[in-house]
Amino acid sequence: MEVTLKILRFDPLKDKKPRFQEYVVEVYEYTRVLEALIWVRENLDPSLSFRYSCRMAQCGSCGMLIDEVPRLACKTLIKDLGRDEVTIKPLPKYRVIKDLVVEMDDFFEKHRSVKPYLIRKNREEQEKPKKFYVQLPHELQRYLNYGYCIVCGLCSSSCPNFDSSWEYLGPQALSQAYRYIVDSRDEGFEERYEVLNSNSGVWRCHFASECSENCPKGVEPAQAIQMLRRMILSFSFKKKLSLFSEKIHRLSKQ
Ligand code: FES
């Protein structure tokens, strides 16, 4: 069957504003959007730009807005879209470099800001572990869902909060903070506390849940953010209580 790909194109070096360009492509039962784009570039228009690598929903580089929904092009079957015209745009909330390729430096910077790795209080132990850190199945279950994140950015591009606050860390970074905090081998909650509890942290989330809705790997960032909120509230309360007890103790000694 023939399908028309309606692609939003923009080259900041040549174009004043984005414009749609249409390409007619022959597709089959298992043709995915990425394969159709590759066919267009190889046969019709070598100037069309898009990003991809693994072709198997693992590297997270082929995210784009397909029929107004953030999706991975390599995972999306054209037949599942159920239309003979498919609209393809770059992921929203990111600056367009060219056509479907967007700038993701800020996104990765936010990911790094929550320290997405295991932290031990003893830094020497962190660098040179002397033993295996045994983990039980139920401990693995606490973070397994969040470990499936492929850092594709679809969740953050779905999040309506970025329209009002660009500083917001976003669902991807926050869910990865949660993934490490609930890992039984990690001791880094206090080290991440400031950034998570800041103006750009968990309190920005309005629980729209678009992030969880659009994650191609079934990760639940919206849930992770709510769990982080609970942890932060409980930690802040304990901190205040201990300061208060210290004060009472000091006063009673005077
Ligand atoms: S090409 Fe790697 S996720 Fe699509």
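Mentor: We begin with a pair of helices. This is a predicted model, and in it helix 8 passes helix 11 in a left-handed crossing.

Trainee: At what angle do helix 8 and helix 11 pack, and what is that arrangement called?
Mentor: The axes of helix 8 (residues 170-181) and helix 11 (residues 221-253) are 8 Å apart, and the angle is about 60 degrees.

Trainee: How do the residues of the contact of helix 8 with helix 11 divide into nonpolar, polar and charged?
Mentor: From helix 8 come Pro 171, Leu 174, Ser 175, Tyr 178 and Ile 181. Helix 11 meets them with Pro 221, Ala 224, Ile 225, Met 227, Leu 228 and Met 231. The division is ten nonpolar, one polar and no charged.

Trainee: How is helix 8 oriented to helix 9?
Mentor: Helix 8 and helix 9 (residues 189-196) have axes 11 Å apart and pack at an angle of about 160 degrees. An angle over 145 degrees counts as roughly antiparallel. That makes helix 8, relative to helix 9, roughly antiparallel.

Trainee: Which residues of helix 9 meet helix 8, and how many residues of this contact are charged?
Mentor: The crossing of these two helices is left-handed. Leu 174, Ala 177, Tyr 180 and Ile 181 in helix 8 meet Phe 189, Arg 192 and Leu 196 in helix 9. The contact divides into six nonpolar residues, no polar ones and, as for charged residues, one.

Trainee: Which strands stand at the edges of the five-stranded sheet?
Mentor: The sheet is open, its pairing is mixed, and its strands come in the order 2-1-5-3-4.

Trainee: In strand 4, what is the bridge partner of Gly 63, and what is that of Met 64?
Mentor: Strand 3 (residues 63-66) and strand 4 pair in the antiparallel sense over four bridges. Gly 63 has Leu 72 as its bridge partner in strand 4. For Met 64, the bridge partner there is Arg 71.

Trainee: Which residue in the hairpin of strand 3 and strand 4 takes a positive phi?
Mentor: The hairpin has two residues between the strands. The positive phi is near 50 degrees, and the residue that takes it is Asp 67.

Trainee: In strand 5, what is the bridge partner of Ile 66?
Mentor: Strand 3 and strand 5 run antiparallel and are joined by two bridges. Gly 63 and Leu 65 point one way from strand 3, Met 64 and Ile 66 point the other way, and all are buried. The partner of Ile 66 in strand 5 is Ile 88.

Trainee: Which residues of helix 1 are buried, and what covers them?
Mentor: Val 33, Leu 34, Ala 36, Leu 37, Ile 38 and Val 40 are the buried residues in helix 1. An α-helix has 3.6 residues a turn, so residues three or four places apart point the same way. The cover of the buried residues of helix 1 includes strand 1, strand 2, strand 3, helix 2 (78-81) and strand 5.

Trainee: Is Arg 9 buried or exposed?
Mentor: Arg 9 is found in strand 1. Beyond its neighbours within four places in sequence, Arg 9 is in contact with residues including Asp 15, Asp 45 and Asp 99. A relative accessible area under 20% counts as buried. Arg 9 has 4%, so Arg 9 is buried.

Trainee: What share of the residues in the chain is buried?
Mentor: The chain has eleven helices and seven strands, and its C-alpha trace spans about 85 × 40 × 30 Å along its principal axes. Of the 254 residues in the chain, the buried ones make up 45%.

Conventions. Residues are numbered from 1 along each chain as its sequence is written. This is a predicted model: local features need pLDDT of at least 70, side-chain atom pairs count only at pLDDT 80 or more; totals for chains, interfaces and linings use all residues. Side-chain values use heavy atoms; hydrogens and water are left out. Axes are lines fitted to C-alpha atoms, for helices over the stretch in contact, and angles run from 0 to 180 degrees between N-to-C directions. A crossing is left-handed if the near helix is turned anticlockwise from the far one by less than a right angle, and right-handed if clockwise. Contact means heavy atoms within 4.5 Å. Ala, Val, Leu, Ile, Met, Phe, Trp, Tyr, Cys and Pro count as nonpolar, Asp, Glu, Lys and Arg as charged, and the others, Gly among them, as polar. Two strands pair if DSSP finds at least two bridges between them. Angles under 35 degrees count as roughly parallel, over 145 as roughly antiparallel, 65 to 115 as roughly perpendicular and the rest as oblique. Buried means under 20% relative accessible area, exposed over 50%, partly exposed in between (1.4 Å probe, protein chains only).
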